[in-house]
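Trainee: I would like to go through this model and ask what stands behind each label. Please set the values against the cut-offs as we go.

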Amino acid sequence: MSGRTEGGAKDRDAANNPHGPRSLAVALALTPLLPTPAFAHASDRGHVLLLPTGYYIAGGALAVAVSFLVLALLPPAALDRFWRRRLSLFAFSGGPRTIVSLFSFAGFALLVAAGLFGSRDPLSNPLPLVIWTLLWAGFTLLQGVFGDLWSWLNPWYGPWRVVSRLAGKRGSEARPSRLPRWLGFWSAFVLFFAFAWFELIDPAPDDPARLAVAAGLYWLISFLAMLLFGYSDWSRRGEFLSVFFSMIARFAAFRREESRFGLCWPGAKLLSAEPLPPSGTAFLLLALSSVSFDGLSKTFFWLGLFGINPLEFPGRTALIGIGSLGLVLSFVLLAAVFAVAIFLGQRLVGDEHSFRETAGLLVWSIVPIALAYHIAHYLTVVLVGGQYALVAFSDPFALGWNLFGTADWMVEAGVVAGAESAWWLWNVQAGVIIAGHVLAVLVAHGLAWRLHPQPSRAALSQLPLTLLMIAYTIFGLWLLATPTAG
């Protein structure tokens with residue numbers, strides 16, 4: 001089909017995504033200027049996978065369990081040598097960082113303008129496609145592979161450097177912290193929760209004008225906070241995108257040491273992380289629970305709990321209440337189960353470390369799982385939404401331009417539609433989830449050896465957390481296979 005749309009929003013043909021976050025029959029009525037009783041944010045993507053999912057689920061759980069047993073028998077020295085392997089690549093200079101960030105800011109400003117003055121169709125306007133598809137869905141994968149690219153590409157650093165220099169504050173990055181230490185990561189947590197609510201619960205997160213206002217206000221508030229508290233402090237503990245991306249970047253196989261780039265094993269940098277405070281632990285658990293709830297909220301099971309016929313999806317406006325409740329409960333439940341697993345692990349070995357320290361260290365093992373769920377969850381969004389983005393870039397203001405020669409490209413939705421595509425797509429998603437949990441077990445063992453140098457005590461302390469990871473593997477694979485709607 002042609003990438004251009006005429007006179008209204010059309011279905012995203014990624015509609016067969018097993019649990020994609022945004023359905024694509026986003027009507028033009030999503031504009032806040034039109035009085036409508038309910039905004040439809042639905043599609044015809046509900047389907048049932050006819051795959052031997054029971055075997056996949058059993059195999060995934062077994063893979064996680066076996067990895068735990070192997071690690072319990074493996075000499076700590078052998079695993080330590082494995083994690084310490086490094087490969088130095090090349091030197092680099094951080095000089096262009098300000099310039100790159102300024103270009104990023106200019107691009108962001110153009111996107112906000114396109115959201116306000118361009119097409120009202122979210123499949124033709126580049127703003128929602130960039131934010132939801134390229135940034136949130138796709139860029140997270142790049143962070144998990146290549147490391148902290150966001151510190152260069154974020155749209156705040158360059159403008160902050162310019163304003164700081166004009167104000168004569170060249171050394172402001174090195175000044176003592178102005179963000180209260182007791183605040184921890186709670187600012188980032190609250191902002192992340194608001195972002196998740198807007199993405200998953202708000203009736204019209206794809207509406208370009210609505211999204212432009214939200215994105216513009218968020219940039220301005222964060223920029224003022226950076227001027228008030230300092231760029232380093234706010235980006236490390238207050239601005240949720242920077243906090244999230246920096247945590248995900250610790251999994252990357254690329255590492256940066258002083259002025260050199262190198263390679264390491266994926267997850268190796270997590271083993272040297274310092275224990276997070278309770279606010280940081282809560283932030284990481286929210287990152288996982290919000291993506292999981294996005295998948296759960298579309299299932300026949302969840303909708304049936306509230307007496308909703310999934311074949312007659314009522315639209316997002318009708319589900320604001322139960323969606324908000326579910327988003328909170330999913331976080332509370334995951335946090336409670338994680339806390340119980342940590343507590344039981346401590347009791348099994350008579351741990352002398354505080355619960356706060358143990359939980360704050362072992363929560364880093366959640367990063368591979370959160371990254372795996374993010375990739376599996378948004379895979380179809382990237383595959384199809386990325387094509388729409390290429391089309392929209394050529395005509396960002398819906399003026400009939402063809403800047404890059406892609407305005408009339410045909411969007412190929414067949415990559416995620418049909419029985420054959422569903423088969424390979426589900427296998428990739430299932431493989432990513434299983435691999436993420438296996439790597440999480442590996443990282444958890446490495447972190448446990450920091451707390452318990454004796455191998456038997458380290459393995460025993462991880463037994464409850466491993467059982468939690470096995471259960472979450474089963475849950476994740478069930479989400480991929482269960483019927484979904486909306």
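Mentor: Start with a definition: a salt bridge is a side-chain nitrogen of Lys or Arg within 4 Å of a carboxyl oxygen of Asp or Glu. Keep in mind that this is a predicted model.

Trainee: What makes K298 and D294 a salt bridge?

Mentor: Their side chains meet at 2.6 Å, N to O. The limit is 4 Å, so the pair qualifies. By this rule the count comes to four salt bridges.

Trainee: Why is D294 called buried?

Mentor: Buried means under 20% relative accessible area. D294 has 0%, so the label holds. K298 has 7%, and therefore K298 is buried as well. D294 is found in helix 11, which spans residues 278-296.

Trainee: Are R120 and D207 buried or partly exposed?

Mentor: R120 is partly exposed because its relative accessible area is 28%. D207 has 2% and is therefore buried.

Trainee: What makes R457 and E352 a salt bridge?

Mentor: The closest N and O atoms of R457 and E352 are 3.7 Å apart, and the limit is 4 Å. R457 lies in helix 17 (residues 455-461) and E352 in the loop between helix 13 and helix 14 (355-362), so this pair ties together parts that are 105 residues apart in sequence.

Trainee: Why is E352 called exposed?

Mentor: Exposed means over 50% relative accessible area. E352 stands at 58%, so E352 counts as exposed. R457, at 25%, counts as partly exposed.

Trainee: Let us turn to the nonpolar residues. Which residues touch the most other members of the largest nonpolar core?

Mentor: F192, F338 and W364, out of 93 residues in that core. Helix 16 (residues 419-451) supplies the largest share of this core, ten residues. A second, separate core has 14 residues, including L296, F313, L319 and L327.

Trainee: What does F192 touch, not counting residues up to four places away in sequence?

Mentor: With those neighbours left out, F192 touches W136, F240, F244, F283, L286, A287 and S290. As background, nonpolar side chains tend to be buried together in soluble globular proteins.

Trainee: Which residues make the nonpolar surface patch?

Mentor: L141, L142, V145, F146, L149 and L153, over about 430 Å². Four residues of the patch come from helix 4 (residues 126-146), the largest share.

Trainee: What makes F146 partly exposed?

Mentor: F146 has 38% relative accessibility, so it counts as partly exposed. A patch member needs over 30% relative accessible area, and F146 lies in helix 4.

Trainee: Where is N309, and which backbone nitrogen does its side chain reach?

Mentor: N309 is found in the loop between helix 12 (300-305) and helix 13 (320-349). Its side chain reaches the backbone nitrogen of L311 at 3.0 Å.

Trainee: What is the phi of A398?

Mentor: A398 has a positive phi of about 55° although it is not a glycine. A398 sits in the loop between helix 15 (366-394) and helix 16, and it counts as partly exposed at 46% relative accessibility.

Trainee: How many helices and strands does the chain have?

Mentor: The chain has 18 helices and three strands. Of its 486 residues, 54% count as buried.

Notes
Residues are numbered from 1 along each chain as its sequence is written. This is a predicted model: local features need pLDDT of at least 70, side-chain atom pairs count only at pLDDT 80 or more; totals for chains, interfaces and linings use all residues. Side-chain values use heavy atoms; hydrogens and water are left out. A nonpolar core is a set of buried Ala, Val, Leu, Ile, Met, Phe, Trp, Tyr and Cys residues joined through side-chain atoms within 4.5 Å. Buried means under 20% relative accessible area, exposed over 50%, partly exposed in between (1.4 Å probe, protein chains only). Helices (H or I, at least four residues) and strands (E, at least two) are DSSP runs, numbered from the N terminus. Contact means heavy atoms within 4.5 Å. Patches are made of residues with over 30% relative accessible area and no salt bridge: like charges are joined within 9 Å, nonpolar side chains (Val, Leu, Ile, Met, Phe, Trp, Tyr) within 5 Å. Accessible areas come from the Shrake-Rupley method with a 1.4 Å probe; for residues, only the protein chains shown count as cover. A polar contact is a pair of N or O atoms within 3.5 Å; within protein, one must be able to donate a hydrogen and the other to accept it, and residues adjacent in sequence count only if both atoms are side-chain atoms.
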